[in-house]
There are 2 protein chains.
Amino acid sequence: MRLGVLVSGSGSNLQAIVDRVQAGHLPGVSIALVLANAPGAYGLVRATKAGVATACVDHREFSSRQAFDAELVRRLQDAGVDTVALAGFMRILTPVFLDAFPGRVLNIHPAILPAFPGVHAQGQQAEYGVRLAGCTVHFVDEHMDHGPIIIQAAVPATPQDTAQSLGERILALEHRIYPQALAWLASGRITVRGRQVEVAGADYAGGGRYWTVPTLEPPFDADWAAAS
Amino acid sequence: MRLGVLVSGSGSNLQAIVDRVQAGHLPGVSIALVLANAPGAYGLVRATKAGVATACVDHREFSSRQAFDAELVRRLQDAGVDTVALAGFMRILTPVFLDAFPGRVLNIHPAILPAFPGVHAQGQQAEYGVRLAGCTVHFVDEHMDHGPIIIQAAVPATPQDTAQSLGERILALEHRIYPQALAWLASGRITVRGRQVEVAGADYAGGGRYWTVPTLEPPFDADWAAAS
């Protein structure tokens with residue numbers, strides 16, 4: 001699986017994937033290209049430090065979403081990418097992009113979708129006073145934070161939580177479930193029928209140390225200190 | 001705490017509360033009245049079997065929501081009710097009702113609110129393909145399934161789940177978290193500030209056998225076979 005990772009900002013989920021690849025936790029997966037839509041995206045620095053090829057395609061230089069997407073596709077295909085992971089990528093993708101990688105574009109979102117879509121999910125969860133916050137890895141479709149769900153995780157939220165404190169708790173789970181979902185995809189265990197995603201052989205009974213469905217499998221359920 | 005329970009249908013959450021009261025799990029709580037808005041509500045049968053007073057106020061006989069609510073209030077106050085639990089009650093309450101029991105009206109909903117409000121939450125969760133379904137006990141405000149959240153529970157959802165299979169899994173948790181929330185309210189442990197509900201001394205760290213926040217306390221976390 002030749003992965004392209006799209007970032008707009010810090011790229012901490014990119015880092016989580018890089019760390020898992022370097023640790024040998026994602027056999028068969030290589031990161032072929034990290035692509036940003038903004039020159040200042042720190043994800044580009046992370047990629048360079050990890051020895052991963054980078055490119056930047058500034059969306060402001062394109063007259064339409066379709067033209068921008070076509071250029072993204074060209075760069076990714078030139079790098080031999082067959083699977084795309086969005087990691088804090090802040091642009092909605094059009095069919096021009098999605099049709100180039102059918103069923104191979106994933107996103108992570110810091111809420112238990114369909115609750116709290118959009119860019120302020122952590123703070124909105126804290127303000128709403130949810131007691132269960134969380135995160136979701138899903139396939140991407142044309143609607144924001146909407147496609148078929150691969151895995152969801154819940155984390156506790158307290159009455160004292162802020163966007164930052166809750167965001168950090170969620171992020172720790174994001175860094176586990178995103179590599180886990182990519183491992184399932186890379187090993188051919190995922191089947192999608194309509195909105196239902198089935199992971200062959202996965203545990204849907206809700207066991208394990210973390211509140212995820214399906215249950216995290218080794219090594220993604222184990223103690224783990226990321227490289228950075 | 002003199003509880004009034006409002007039902008429209010089967011009233012299985014009413015039964016869960018009755019069973020806990022009868023088992024001595026809700027010290028200081030008595031059920032003063034079960035009130036239905038439809039004569040055929042099976043909750044009335046459950047109440048009668050349990051020796052609890054019942055009344056039926058048919059909403060179709062009132063010209064406005066306010067007039068209907070005023071009659072509900074009159075019946076409940078006549079029975080000495082100070083706290084109201086909605087248990088599958090299908091009418092939106094107006095300020096006429098809510099102002100009569102300020103901060104003392106609770107509801108249970110079969111989803112992790114604010115996701116999937118409304119009357120078809122179980123089937124909608126199954127169709128959406130969520131991997132985390134669940135339920136919520138919250139204070140009631142003028143908006144449907146919207147007020148400050150006391151406790152939420154998550155349950156696993158599989159790609160094969162239906163409205164019925166998922167609904168049953170959720171219901172098992174509803175029957176635990178609703179009596180737990182009432183126990184907290186009855187013992188004076190709940191403080192509400194805006195949308196944040198604090199349960200004094202509760203565990204917000206996400207421990208325990210069930211995926212709830214706060215953690216269920218004994219006896220609500222223990223094996224338990226309801227009477228019916």
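How many residue pairs are in polar contact across the interface of domain 1 of chain A and domain 2 of chain A? Before the answer, some ground rules. This is a predicted model, where local features need pLDDT of at least 70 and side-chain atom pairs count only at pLDDT 80 or more, while totals for chains, interfaces and linings use all residues. Residues are numbered from 1 along each chain as its sequence is written, chains are lettered from A and ligands numbered from 1 in the order in which they are written, and side-chain values use heavy atoms, with hydrogens and water left out.

Chain A splits into domain 1 (1-102) and domain 2 (109-228), with bounds from an automatic or database domain assignment. Taken over C-alpha atoms, their centres sit 20 Å apart. Contact, meaning heavy atoms within 4.5 Å, involves 22 residues from domain 1 of chain A and 21 residues from domain 2 of chain A.

Together the two domains bury about 1900 Å², 70% of it on carbon and sulfur atoms; that area is the accessible area (1.4 Å probe) lost on putting the two parts together, summed over both. On the domain 1 side, Asn13(A), Asp19(A) and Arg20(A) supply 29% of the buried area, more than any other three residues.

Now the answer: 3 residue pairs are in polar contact, both residues at pLDDT 80 or more. The rule wants a pair of N or O atoms within 3.5 Å; within protein, one must be able to donate a hydrogen and the other to accept it, and residues adjacent in sequence count only if both atoms are side-chain atoms.
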